Amino acid sequence: MSNQDVRQGKTRFYDNTHFSRGFSKSGDFTLVEDEILTFFGTTLLALERGDLTPENQAEVDFLNVVKGQKEPTTKLEKTWAKYVKLSRGKKRFHSLNSKPIISEDDYNAYALGDDE
């Protein structure tokens, strides 16, 4: 299945909520994936929501991927799965520096009146 088997959207697809600077500038998507999402994203989202009915086998296969009945095999299906994971999944945060947990040891339990 090629991308042309799936209908191209009537408008370009942008997700300003999760990717405000664009898909390719986010660092998560390649230029090819950016083009796939931009040109086919409105159709894919409408198919996923049920606003459009599938017109060919490629779109039926896409719906099976969305429902979890089939693994993504085409670039379009893999790109949409990646988009869904990044936009709707839990974001992970990794820090190189973290504050240590202050424990109750002798140093922290020290009071001013203990000197005498």
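A: In this predicted model, in which local features need pLDDT of at least 70, side-chain atom pairs count only at pLDDT 80 or more, and totals for chains, interfaces and linings use all residues, H1 passes H2 in a right-handed crossing, meaning that the near helix is turned clockwise from the far one by less than a right angle. Residues are numbered from 1 along each chain as its sequence is written, and side-chain values use heavy atoms, without hydrogens and water.

Q: What makes the contact between H1 and H2?
A: Leu-44, Leu-47 and Glu-48 of H1 meet Glu-59, Phe-62, Leu-63 and Val-66 of H2, where contact means heavy atoms within 4.5 Å.

Q: Why is the pair of Phe-19 and Phe-23 called tilted?
A: Rings of Phe, Tyr and Trp (its six-membered ring) pair if their centres lie within 6.5 Å, and planes under 30 degrees apart count as stacked, over 60 as edge-to-face and the rest as tilted. The centres of Phe-19 and Phe-23 are 5.5 Å apart and their planes stand at 55 degrees, so the pair is tilted.

Q: How do you know whether Phe-19 is buried or exposed?
A: Buried means under 20% relative accessible area, exposed over 50%, and partly exposed in between (1.4 Å probe, protein chains only). Phe-19 has 6%, and therefore counts as buried; Phe-23, at 3%, is buried as well.

Q: What describes the aromatic pair of Trp-80 and Tyr-83?
A: The pair is tilted, with 5.0 Å from centre to centre and 40 degrees between the planes, and both Trp-80 and Tyr-83 are buried.

Notes. Helix = DSSP H or I, 4+ residues; strand = E, 2+ residues; numbered from the N terminus.
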